Amino acid sequence: MKSQSKKFFTRAEKKIPGGVNSPVRAWKSVGGSPLFISRAKGSHVFDADNKEYIDYVGSWGPMILGHANANILREIHRSAANGTSFGAPTLGEVELAELVSQCVPSIEKLRLVSSGTEATMSAIRLARAFTHRSKLMKFDGCYHGHSDGLLVKAGSGVATLSLPDSAGVPASVARETLTARYNDLPSVQKLFDRYDKQIAAVIVEPVCGNMGVIPPDQNFLAGLRKITARSGALLIFDEVITGFRLALGGAQERYKVKPDLTCLGKILGGGLPLAAFGGRRRIMDLLAPLGPVYQAGTLSGNPLAVAAGAAMVRQLARHGTYEALEAKGRRLADGLNSVIRKHAMRATINRVGSILTLFFGVDSVASVDDARRCDRQQFANFFHAMLKRGIYLPPAPFEAWFISLAHSNADLDRTISAFDDWAGRSERG
Ligand SMILES: *Cc1c(COP(=O)(O)O)cnc(C)c1O
């Protein structure tokens, strides 16, 4: 019998391109057709056939407290009862801005937007206006949303300009983006040697989450700080994944490097559309209406999203949050690693706190090139085998698994045994 998800997907494909509103949801890298999710609670999601799964997608990052958290729901309901959008300032926005600035001290001022894409796009415009320079440097394999200038890939050779990574991005726009290699300071220095005073900013995921989890080498972030400061370029941390995930103050707290501008999203909205960019006061004050940089949004600082976000941040600020996340991350990674050893599999796990990626067919992953060498077919087999055993993983090999505070030891241990069971069966053929 056809599953409800399959039926819904056939219907979806008729009206929505590829049946989805964001491409990775379509399961193109693992094959098959996606589960339709009907509800979720804590660490578990339920599909349209009411089958239950332990969830490691976590809406791709936001659900760090687990799904349908009672405090967040209460705040959303309370806020909704007072009206859902006014297009005028609200006290909630001010309180959330104060709260974020307290958690992330490099953010002296910030502006709320509705998506991570808007946050990075606006931060870059601001950096260009502040420095009176036009070029932007990013890293091959880092993702910063889908604005034109950020959808570029590295050309051949490091000291080259970038090529569009999507149809519809003009080559003239891509030319303003330079691409360096993550964890490779000489590749950054080389571009600065050549383009120094043209480079407005370097944007980086301080811990990569979008080529799988890749932690920064010792000195990489500090090196970026040094090189940008020397040139007068701005350093932008895209903490859309890492913000409130790796510490209350994000990766910049964990690695003790202070960027000029920071982009936040995902967790910040508590599961509603909310993101932010912020940083040094002198830079932020260039924004309209104070300054000449235009940036706006009808639903920016939406009261529901702000209420959810404030409830989220307040809960995360409670004592013990990040120790608990660290312990859960360690328990899962240790368990998966012991399965890898037991079955002598060629695979490796990268983990920082509560995000991790299991790469098949490689011994270690420190760069996007290492990540690209991983065995995608084995990941696809693994993904479907885990799904059958009630574990819902990100449906692509280069993604982070997101662990939440709602994941119990039993959830984590069941995940490890499912992996062990699959590894044993694939050994026996
Ligand atoms: C998800 C993500 C974005 C884009 O955020 P959206 O809300 O999807 O537009 C930007 N940067 C990073 C690092 C992300 O992971």
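The model is predicted, so local features need pLDDT of at least 70 and side-chain atom pairs count only at pLDDT 80 or more, while totals for chains, interfaces and linings use all residues. Residues are numbered from 1 along each chain as its sequence is written, and side-chain values use heavy atoms, with hydrogens and water left out.

Start with the ligand. Polar contacts here are pairs of N or O atoms within 3.5 Å. Aspartate 238 puts a polar side-chain atom 2.6 Å from a ligand nitrogen, and a side-chain N or O atom of lysine 266 sits 2.6 Å from a ligand oxygen. The protein buries 83% of the 380 Å² that the ligand exposes when taken alone (Shrake-Rupley method, 1.4 Å probe).

Now the domains. In contact (heavy atoms within 4.5 Å) are 33 residues of domain 1 and 29 residues of domain 2. About 2400 Å² is buried between domain 1 and domain 2, with carbon and sulfur atoms giving 62%; buried area is the accessible area (1.4 Å probe) lost on putting two parts together, summed over both. Leu65, Tyr322 and Val352 supply 26% of what domain 1 buries against domain 2, more than any other three residues. There are also 3 salt bridges between domain 1 and domain 2 (a side-chain nitrogen of Lys or Arg within 4 Å of a carboxyl oxygen of Asp or Glu).

Note on methods. Polar contact = N/O pair within 3.5 Å; in protein donor to acceptor, adjacent residues only side chain to side chain.
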